Every structure is written in C-alpha cells, then in structure tokens.
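Here's a quick briefing on a two-chain model, arranged by topic. Have a look at it first, then read on.

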Amino acid sequence: MDTVKGTLGLSETLRGVAIVGIGHSKFGRRNDVSVAELAFESIRGAVEDAGIDKKQVENVTLGSVGGWCEETVPATIVNEYSGFQHVGSMRVEAACASGSAAVKNAYLSVASGESDIAMAVGLEKMTEVNTLTAIELMGRGGSYLWEFENFGMTFASYYAMFAVAHMNRFGTTEEDLARVAVKAHHYGAMNPLAQFQKEITIEKVLSSQVVSWPLKLYDASPVSDGSAAVVLASEETAKKLTDTPIWIKSIGASSDSADMSRRDGYVGLSATVDASRKAYSVAKIGPEMVDVANCHDCFTIAEIMAYEDLGFCAKGEGTKLLKDGQTMIGGKIPVNVDGGLKAKGHPIGATGVSMMVEISKQLRGEAGKRQVPIKNGIGLVHNVGGTGHYCYVTVLSRSR
Amino acid sequence: MDASEPPTLHSRRTLDLRFNIPISKTNRFWESLKEGKFITTKCKDCGEVTFPPQVDCPSCMSSNSEWIDLGTEAELVTFTYVVITPTSFVDSGPYHVAVGKLGQGLKVLAWVEGATTEELKPGMKLRLEARNGSAASPYYVFVPVK
C-alpha cells in the first residue's frame, strides 16, 4: 500500500471503520434548547439509527470550538445529559473543521482497536452572545497580535481578500459569487433541517448589506446553533449492525500558516490541495470518481476555490463549473445539495459531522428529493478550519 | 421582548476578558516602530527572514537571529473593506485592510489609510507608516504612494 504521511485509511495495521449511525439536529437560532439538549437531539438520532444500545459506545469525541456559550468544558455536560459514563472522551478543536477532527479521533479509536463502537459529535451554540461578539470570537482565530489587535480582521475579511485576488486574477465577478448562494438556498429549501429554507435570487445577493467588500450578507454563512453525530464501528461490528455501512476510506489532513501575510497566494487554499491529494492517494481514487461532495462554503468564494483546489476543475475554472450547472444534481459533481454551510447553517464545530451525515445519506440512497445519482459509490467531505488554517478531506464509500 | 421568543435566563455573571500579551521577543520591533522605523528578524544560521518577526527560526529552529531593515515600500497584493466590524472595533470602522508585499518577498497585513475601495488595485504602490508612536500601543498602516 501507499504510505502518505498525515493520512489515515487502508493501512494494514488499522481496522476498517464504517459510519453505521447518523443524527442531525435542526440548524438555526436554537434558543429553545441548551447546549447539552442540542447535542442530545443528534446523539439520540445517531444511536437510534445505528440500532445500538448507547452503553455499547466506548468513546465519545466532541468537536466544538466554544467560547460563545456558558459551558467551557462542553464534552462533560454533553456526556452527562446523554447518559454516557466511563467513556473515553475529549473535546477537539480545529476551528471550523473541528467536526472532521472529532471524526478522525473516533476513527482512530476504532481503527486502532481501542473501541469497537465510537461516536463523533459536532456541536456549536453561537447565538447566546450577540452577533458582533460571535464575529469577534471568530475573527480572533487568525494570528491575534498581528492581525486582530490593531486591524480587526473578521473571517469575512479574510475570505474577502481571497475573493479580491480571485477576481483580479481570473475575472471572477460578484455575480459569479452570488450563484453559489443561489444554489445553496435552492437546496436549503429542500432540507427541513436547514437554517434557511427559502430560494433567493442573484439580485437579492447583490443588493444585500456589504459585510466585507466584495462579500455581502448573502455571500456569508450565518451564525448558527446546531449539532450532528455519527456512530462509527469496526468492520466486524458494522457488518452485524447494518446492510449499508458507509466506509471511511481515507482522511487527509493538512494545515497552513495562521497569519495571512505568510501565505504564498490568495486564489486558493494550499491546505485543501494538500489534504485532498493525500486523501485521494490513500483511497486510490481521483476527483473524477467522486459522485457527491460537501465542500466548505463558509463564504461563496470558498466554494469556488474548493472546486479548483479539490481538482473538480482546473484553477480559475470554478465559476464556469458552477455556471454550467455541473455542481447541481444531475451535473458532473453535485456539491452541497443539502444547502451547504450557506443555507443549512454553520454551527462551526457541528459542520464537519453534518457533512458526514449528508454524504452517508447520499451514499445510502436515503436523501429523498435531494438524492444524487450514485455511480462509483464514492462521496467526499471537505472541511476547512479558518481560512485554510486546517483542512480535512474525508473519502467515504459504499464498498470496503 | 418578542412574545414568540422562548424563555432564556439572561446570565447575571459577566466576564471582562483583557489579555496581557508578552512581547519581550518582538519588543525591538515595537520600540523601533515608535521611532517610525520598520525592522524584522533574520536567522543568522540559515538566512530565513520572517514577518511577523520571530527570533526563533521556523525554518531551522535556531534562536541565533538578528534584526534587519524591513523597508517601507510595498505593492498591494489583495485587500478588503471591513464594514461589519467585530464588537471591539465598532468605534473604529469601517476600514480598509490590505496585504502588501515588501522587499525580500515578505508580506505585511495592515489598514490602508487615505484611499477608497475604487482607488485600491492589486499591484499599486503602498508605503508603511507608523501610527500612535508616542503612545504605549503603536501600530502601522499602509498609505498609497501618489
């Protein structure tokens, strides 16, 4: 087998691991529930979907960034509320890729033989503070002293800088970016768990409030509350539990500088390029074999760059891929047909796990009116933390 | 309060978060800035130059560094106009922020003063200038070179 450093999967020394249970809360402004109650919604869903007794879960990893709600050590309160006792547990943080990081940790627990059944829970409760405070807590997630203290950068501002560079280099327009949001809302309108379930127009995006030029309100994913959970099982256990295990073929992980001034360029995320090449190599696939993908569209420009960086098209051709409808259902590579971060919502620690839930649904053939035609049985999850500070690319498959 | 809102407990306990950030290892940058001069670090062992400055080399891990002139002439690489600011910047916004490329290939992120969004173009010439030099918290900005 190939050895690709920093990549998990298909190793002779690791056991096969499958997703056997999925759960997902309604995303949105969830001030009807506490943080632990919010996690419970997806945890119960995943346990019931897996058809297990929760006592069989030996390891619970929580992906959550935190800071915007009253619980500072959220894994413990989540475990207590859902009745997990004496489990191996931790909270992991990889900014907006914390959910994928949690899945990686749960994967390792099962693959290594530490547990037969493990759970990854993604969780974020961001609306208990006001919106500008939430924006500040995210903005501080760059290189604090050199970017925030004196210059007040926000995550919209970071991605706006990439948008300006992409526009300057490839002639990308604000209208091109708006098409990402229109597609997201089109599918969000078909997803009962999405924060926004209404179609929008290009004109509505273009006339919305400028957040950080050239990005506007409708170019941005919302501040959200939400949770998602997956149950992972070893090969032997998975085959006993379900006829439709979704196998984790590979997890490619990468990173880049905290400080934007240290990046080589601003038209793509090198962490995405690196993580995806690792994941493809270990899974022995190419991007052309992916039937369905969830990409990290925290801002519209992020989805365009993701198409290019993941190899769905050449650099600079992302806007054309979108315009031609190739990332819609029926196109070459449908992307974010659950509404994406933009319309489904972006509770940041929950997002990576939510993506795993959606791709599992698609590969099982359970996505209803949003179902994508499955040819190769392969799906991809692309989860970015920060502005490419972290990236995780996970390849999921119907076949072991 | 909107009657349709669910009940929440508005916490009585507030927290004032203000950090004392150690700057011993980069203090020469900040002191120099007060005099309007821009310097940064260069590793004496492997020659790596860094911005933001760091006396511990990220390339070879040596701490044998020296301070060199950073220069002030820059070329605009990319920028944005921050309209919705973080909560602690509500009295400062909106503002332009750019990444400028200096000599030796180093880049700096800073506010841009004295230009509109329409006037800013990748490739245009900028100059770094110090601000707030007499105060305890100096900072720096780009200004367009007319």
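Among contacts in chain A between residues at least 6 apart in sequence, 77% link residues at least 24 apart; a contact here means C-beta atoms, placed from the backbone, within 7 Å. This is a predicted model, so keep in mind that local features need pLDDT of at least 70 and side-chain atom pairs count only at pLDDT 80 or more, while totals for chains, interfaces and linings use all residues. Residues are numbered from 1 along each chain as its sequence is written, and chains are lettered from A and ligands numbered from 1 in the order in which they are written.

**Chain A overall**
- Chain A carries 14 helices and 12 strands, which are DSSP runs numbered from the N terminus (helices: H or I, at least four residues; strands: E, at least two).
- With 400 residues, a compact globule would have a radius of gyration near 21 Å, and the 19 Å of chain A agrees with that (taken over C-alpha atoms; the rule is 2.2 Å times the number of residues to the power 0.38).
- Its C-alpha trace spans about 55 × 45 × 40 Å along the principal axes of chain A.
- Of the 400 residues in chain A, 64% are buried, i.e. 20 or more other C-beta atoms lie within 10 Å of their own, with C-beta atoms placed from the backbone.

**Helix H2 of chain A**
- In H2(A), residues 74-82, the buried residues are Pro74(A), Ala75(A), Val78(A), Asn79(A) and Ser82(A).
- Those buried residues fall within an arc of 130° seen down the axis of H2(A), so they line one face of the helix (the arc is that of the directions from the helix axis to the C-beta atoms).
- An α-helix has 3.6 residues a turn, so residues three or four places apart point the same way.
- What do they pack against? The buried residues of H2(A) sit against helix H1 (35-50), strand S3 (59-63), strand S4 (88-92) and strand S5 (117-125) of chain A.

**Where A meets B**
- Chain A and chain B each put 32 residues into the contact.
- On the chain A side, H6(A) gives the largest share, seven residues.
- Two bridges join S6(A) to strand S4 (residues 73-82) of chain B, and the two run antiparallel; strands pair if DSSP finds at least two bridges between them.
- Ser212(A) has Val82(B) as its bridge partner in S4(B).

- Three strands of chain B form an open sheet in the order S2-S1-S3, with antiparallel pairing.
- Its edge strands are S2 (49-50) and S3 (65-69) of chain B, each pairing on one side only.

Definitions and conventions:
Contact = placed C-beta atoms within 7 Å. Buried ≥ 20, exposed ≤ 12 C-beta atoms within 10 Å, placed from the backbone.
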